[in-house]
Amino acid sequence: MDKQTLFSYLDKNAAVFTQLSDDIWDNPELSLREYGSMERYCAALKQLGFTVETGIAGVPTAFSGTFGSGKPVIGILGEYDALDSLSQEAGALERRECVPGGAGHGCGHNLLGAGSLAAAAAVKHALEQLPDGSGTVIFYGCPGEEGGAGKAFMAREGVFQTLDAALTWHPEDVNEVVTGSCLASYQVEYKFTGVAAHAAGCPYMGRSALDAAELMNVGAQFLREHIPPHHGVHYAITDAGGLSPNVVQPRAQVLYLLRADNVPNILKLAERVDRIAQGAAMMTDTTVTRRFIDGTADTLPNETLEKLAYENFSAIKLPSYTPEEREFAEQLSKTYEKPKLPGFATPHDRKIARFVREQTQDNTCALNEFLMPLYHSNAIEPSSTDVGDVSRQTPTVQIHAATIPNGTPAHSWQEVSCGKSGIAHKGMLLAAKVLAATAWDLFTKPAILKQAQEEFQAFGSTYTCPIPKDAKPVIAGESID
């Protein structure tokens, strides 16, 4: 069987997967609350002939669909959570909410999940033409990427250790094979409890939890000077104690997001922040309760899989766009600035930067209609993803496919507006083809899979999970009991 069988299947069934993507877009759900999205995916998986399992690793909205038997076992990762306060009318060229204050798919996860499912379905279609025992494909429904670290909780339970390799993608403004690493992350909530009192009449009888939270934040600011490069400290006060300034606030709650270059270092940083919280409580004669929210590992790149994915990416024709799609992209791109050239490699490689500048007409084009050159690196991106936890348990590769105009800000109303467009659908189908073709090579070319696994073992495959053994998935911002 050649790969054209995969591509023909995807072209023939494109409407099935674009409709699923649009349905998820129409019904956005926040991290770890994606019950409707899970139902839609599980129904689709069953209809496609996959064996479905839900509640994986104790995460209620995590699931999988499995087909086949024997080795190799290839996993394809999907996401489907949305972002708060990004409700937006599809196809609009201005900020226009569908639901005031509602959620929206500002990171393209409606496309991510549907595209990954399409790839898994195409691989299943090809496996059906081989004898039993020729291999297994598993689609993983991974919730809470935007806050909840679903894959990390799954990895803590060893879910991905049984895989021979994992593949995934993410919507972007450019076509490329992802390389490099990202930052490990760690989220913790601190709740301070004090004593209420009249702020004028008897403030000496009160103990201000808000003072404690503010002192903690001041301490964290001073900490910034004394942490290594690639470390970060971010916070948000999620409960300031109430609306009455004439009351000594008896409660306050603050959420911290920490970043570092690897998990051991993020755990050390978390200990330092814990001590700042304890010190703030001591200074104000309040008490503090700590609750772990989530954590993710840094990504381990795999050059063997990157080369394989690039080979397949290069062999697939990139999308062409209608005049209407080009006009939409042109107009949408006028609503934001393009501060930098697209692509991971452009800050690190002069030749690639020159190539990208030429392809984008000095970064003025509305659509990136090219494939970034192959580039392998261990450079660190200042972002975090729970794909890192998967990459620490099995050889993993990720690609980007252009589903939005050049320079579209991530987590923006512009990306939500583009989420049901032909541009988005075409990028999703392109990603599905690249993932399906790459997966098929791993089924049919055991030497390449062996090389990827040997590279994985040689470059630090040991995994330290940032999530404590007794931690359970929680929704950030909810009150500590």
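User: Why is Phe-160 called buried in this predicted model?

Analyst: The relative accessible area of Phe-160 is 0%. Buried means under 20%, so Phe-160 is buried.

User: What makes Tyr-140 count as buried or exposed?

Analyst: Tyr-140 has 4% relative accessibility. The limit for buried is under 20%, and therefore Tyr-140 counts as buried.

User: Why is the pair of Tyr-140 and Phe-160 called edge-to-face?

Analyst: The count of aromatic pairs comes to 12. In the pair of Tyr-140 and Phe-160, the ring centres are 5.2 Å apart and the planes stand at 70°. Rings pair if their centres lie within 6.5 Å, and planes over 60 degrees apart count as edge-to-face.

User: Which residues do ring pairs link into a cluster?

Analyst: The cluster consists of Tyr-41, Phe-63, Tyr-80 and Phe-139.

User: How do you know that the charged end of Lys-124 sits over the ring of Phe-67?

Analyst: The charged end of Lys-124 is 4.7 Å from the centre of the Phe-67 ring. The distance limit is 6 Å, with a further limit of 35 degrees from the ring normal. Lys-124 is listed as sitting over the ring. Both Lys-124 and Phe-67 are also among the residues that Val-137 touches, as are Phe-50, Ile-74 and Phe-443.

User: Which residues have the most contacts inside the largest nonpolar core?

Analyst: They are Tyr-41, Phe-63, Leu-117, Val-137, Trp-169, Ile-399 and Leu-442, in a core of 59 residues. Helix α13 (residues 422–444) supplies the largest share of this core, 13 residues. Another core, of 51 residues, lies apart from it and includes Ala-166, Ala-213, Val-254 and Ala-297.

User: Why is Gln-398 called buried?

Analyst: Its relative accessible area is 15%. That value falls under the 20% limit, so Gln-398 is buried. Gln-398 is part of strand β13 (residues 396–402). Its contacts beyond four places away in sequence are Thr-168, Trp-169, His-170, Val-177, Val-178 and Val-387.

User: How do you know that the span of helix α8 is close to the expected one?

Analyst: Helix α8 (residues 303–315) has 13 residues and reaches 18 Å from its first C-alpha to its last. The expected span at 1.5 Å a residue is 18 Å. At the start of α8, a side-chain oxygen of Asn-302 comes to within 3.3 Å of the backbone nitrogen of Thr-304.

User: Which residues of α8 are buried, and what do they pack against?

Analyst: They are Thr-304, Leu-305, Glu-306, Leu-308, Ala-309, Asn-312 and Phe-313. These residues pack against β5, β6 (176–177), β13, α13 and α14 (446–458).

User: Why is Asp-285 called exposed?

Analyst: Asp-285 has a relative accessible area of 54%. Exposed means over 50%, so Asp-285 is exposed. Asp-285 lies in the loop between α7 (263–284) and β11 (287–296). Its phi is positive, about 60°, although Asp-285 is not a glycine.

User: Why is His-411 called partly exposed?

Analyst: The relative accessible area of His-411 is 39%. His-411 is placed in the loop between β13 and α12 (413–417).

User: What makes the peptide bond from Lys-71 to Pro-72 cis?

Analyst: Omega of this bond is near 0°. Pro-72 lies in the loop between β2 (63–69) and β3 (73–78).

Conventions: Residues are numbered from 1 along each chain as its sequence is written. This is a predicted model: local features need pLDDT of at least 70, side-chain atom pairs count only at pLDDT 80 or more; totals for chains, interfaces and linings use all residues. Side-chain values use heavy atoms; hydrogens and water are left out. Helices (H or I, at least four residues) and strands (E, at least two) are DSSP runs, numbered from the N terminus. Buried means under 20% relative accessible area, exposed over 50%, partly exposed in between (1.4 Å probe, protein chains only). Contact means heavy atoms within 4.5 Å. A nonpolar core is a set of buried Ala, Val, Leu, Ile, Met, Phe, Trp, Tyr and Cys residues joined through side-chain atoms within 4.5 Å. Rings of Phe, Tyr and Trp (its six-membered ring) pair if their centres lie within 6.5 Å; planes under 30 degrees apart count as stacked, over 60 as edge-to-face and the rest as tilted. The expected span of a helix is 1.5 Å times one less than its number of residues. A polar contact is a pair of N or O atoms within 3.5 Å; within protein, one must be able to donate a hydrogen and the other to accept it, and residues adjacent in sequence count only if both atoms are side-chain atoms.
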